[in-house]
Amino acid sequence: MSGTTTAAAALRRRAAGAGANRWVVLVVLCVSLLLVAVDATVLHVAVPAVTEDLRPGAIELLWIVDVYPLVCASLLILFGTLGDRVGRRRILLLGYTLFGVASGIAALAQDPQVLILARALLGVGGAMIMPATLSILRQVFPDRRERAVAIGLWSAVAAVGAAAGPLLGGFLLEHFWWGSVFLVNIPLMLISLPVGRLVLPESRGSADGPWDVVGALMAAGGLFGMVFGVKRLGGGEPVVNVLTVAPLVVGAALLVLFVRRQRRRAHPLVDLRMFSRPAFSTSVGCIVLAMLALVGLELIAAQYLQLVLGLSPLQTGLRLLPLTFAAMASGLAGARMLRRFGPRRMVCVGFCLTAVSVLLLTAMGAVDNPGLLLLGFVLLGFGLEMTLFGAYESMLSEAPPEQAGGAAAIGETSYQLGAGMGIALLGSVMNAAYAPGLASVRGVPASASAAAGHSLGEAYDVAGRLGGPAGVALRVAARDAFVHGLHVTLFVSAGLLVLGAVMALRLPRVMQCEVGGGVGVPAPRESAEARVSV
C-alpha cells in the first residue's frame, strides 16, 4: 500500500515539475519562431548592398529573395509529418543546426550561387522548425485554456519578428556589412541547441505503418510548383507564360495525386479526415482568406507611404509599427477573448473589424493624414490577429494529438499559399485599376505612358527623364492613378474579409476545454498513441 502511495506521489511530482517547465518550453519555442520570422524579412533591406557586392543577375537576385519562402513552404508538410513519426524535438534540433550552418554560409558567401544555396538551406531549416514549434506546443499544453494563452504569446512573437526583421537589418547595415544580417542567427542557435536539448520534451504521434516517403515527396513537389507559379503571377509575369503555367499545372496534378494516395492508404501521411471536421476545415479556410485579403495589401500600402507620401524607408517602418503593436496586444489578449466570446464570434468579429479598418483606409489620398493611418493600422493589426489567433487555435485543438505535426504543417502551408495568392490577386487588381489612368496624359508619348503603366516607381523614372510640363503631368497622373488603384484594391480586400466573416460562422460557438495533466499526462481526449516524454 505504501509502495503504491509512494509511486503515485512520485508521478504527481513529475507531472507538477513538467507543468512548471512547460512555460520554459514555450520560451524556447518562441525564440525558435522569432528567428524564422525575422529571417523571412531581414534580407529585404539588405538587397541593395547584396546587389552592389555580389553583382547578381536579375534572375539570381530574384532567387536570392524568393528561394527561402519557396523551399520553406514546399517542405512544411514533409517535415511536419516526419516529426510526428521520428520525434518533433529531434526535427526541431536538426532544424536549429541546419539554420545555424546555413546562416554562416550565407554570411560568408562570395558569389550569388552560394548565397542562393544558403538561402535554400535556411528554407529547409525553417520548414523543420515552424511545424515542430506548434506541434510541441500542442503536446506540452493539453489543457485548451492554457494552450490558448501559449498560442497568443506564440503569435505575438511572430508579429514582433515580422516587424523586427527590416528594423534589425537596417541597424546592422548601418554598422556592419550585409552578411551580418545572417551572422546574428548563429549565437542564438548556439544557445538554443543545448537549451532545447535540455528542456524540450520529445513527442511523437502514431507509429503505425511505414512513413509514406513517396507521398511526402509528392506533397513537396506539388507545393513547390504551386508556390513557384503563384509567386510568378504575383511578380507580374504573364499568365500564359510557360514558366508560370507549367509549375501550376504540374503542382496541382501532384497535389491531386497526393490526396488520392492518402485516401487509399491504411496509414496516410496526413489524415484527410481532419478536413471533415467543420472546425478544422473552416479554420484552414479562414487562414487562407485572411492572408489572401491582406498580405498583398500590406505591400501596396508600403509603396503608398514611400512613393505617394514621400516617406523614407525608416519613416515607413515607423508608420507601420502601430499595426505590429496592435497585433501583439491582440495576441496577448487572445486567450481571454476566446474564452469569453468563443471561436465563432472571435474570428467573425476579427474579420469584420479588419474589413472596417480597410474601408476606413479608403479615405487615404495624395495628402498625408497621420491620424487616419494610425487608426486604420491599429484596427487592422488588432482585427487580423484576432482572426488568425482564433483560426490557428481552433485548427490545432481540433486535430488529433498524434497528427499535431501534420496539422501544424497544414496551417503554415495555408498561410504561405494564402499570402502568395493574395500578392498575385491584389497585385493584379491594383495593376488593372492603375494602368488605364496613364493611357492618355497630355503631352506624354504613348511609349512613355505604356512604360509608366507598369508601376508607380517606373512612372516616376519616366517622368524624371521627360522633364518639363509633360514630366510633371505624368508624375501627378501616376500618383492619382495609384491612389485610385489603392482604393479599388481596398474594396476588393474588404469583400474578401466579409466572405471570411461569413465562413467563420461554421466555427464552434463556445471554446470547449478539456483538462490535461501536464506534459507526460495525456488530456482525456488524447489517444493512447500520442506519446510525450520528458
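On one side of helix α16, G464 and R465 are exposed, where exposed means over 50% relative accessible area, buried means under 20%, and partly exposed lies in between (1.4 Å probe, protein chains only). Helices (H or I, at least four residues) and strands (E, at least two) are DSSP runs, numbered from the N terminus. The buried residues of α16 are L456, A459, Y460, V462 and A463. They cover an arc of only 165° around the axis, which puts them on the same side of α16; the arc is that of the directions from the helix axis to the C-beta atoms. D461 also belongs to α16, which spans residues 456–466. With 48% relative accessibility, D461 counts as partly exposed. Between D461 and G471 there are 9.5 Å in space, C-alpha to C-alpha, and the two are ten residues apart in sequence. After α16 comes G467, whose phi is positive, near 65°.

All of this is read from a predicted model, in which local features need pLDDT of at least 70 and side-chain atom pairs count only at pLDDT 80 or more, while totals for chains, interfaces and linings use all residues. Residues are numbered from 1 along each chain as its sequence is written, and side-chain values use heavy atoms, with hydrogens and water left out.

Now consider the whole protein. Its secondary structure comes to 17 helices and two strands. Of its 534 residues, 52% count as buried. The accessible surface is about 22,200 Å², and 68% of it belongs to carbon and sulfur atoms; such areas come from the Shrake-Rupley method with a 1.4 Å probe, and for residues only the protein chains shown count as cover. A contact means heavy atoms within 4.5 Å. Among contacts between residues at least 6 apart in sequence, 82% join residues at least 24 apart.

What does the interior hold? The largest nonpolar core has 145 residues, and those with the most contacts inside it are L115, L137, F182 and Y304. Helix α5 (residues 112–140) gives the most to this core, with 15 residues. A nonpolar core is a set of buried Ala, Val, Leu, Ile, Met, Phe, Trp, Tyr and Cys residues joined through side-chain atoms within 4.5 Å. Leaving aside residues up to four places away in sequence, F182 touches D39, L43, S103, A106, A107, L115, R119 and L122.

The surface has a nonpolar patch too, formed by W23, V149, L153 and L332, with about 320 Å² of accessible area together. Patches are made of residues with over 30% relative accessible area and no salt bridge; like charges are joined within 9 Å, and nonpolar side chains (Val, Leu, Ile, Met, Phe, Trp, Tyr) within 5 Å. L332 lies in helix α12, residues 313–360, and counts as exposed at 53% relative accessibility.

How many salt bridges does the structure hold? There are two, a salt bridge being a side-chain nitrogen of Lys or Arg within 4 Å of a carboxyl oxygen of Asp or Glu. One joins D368 to R319, with the closest N and O atoms 2.6 Å apart. D368 lies in the loop between α12 and α13 (370–398) and R319 in helix α12, so the pair ties together parts that are 49 residues apart in sequence. D368 is partly exposed, at 31% relative accessible area, and R319 is partly exposed at 22%. R479 forms a salt bridge with D480, where the closest N and O atoms are 3.7 Å apart. R479 is partly exposed, with a relative accessible area of 27%, and D480 is partly exposed at 42%.
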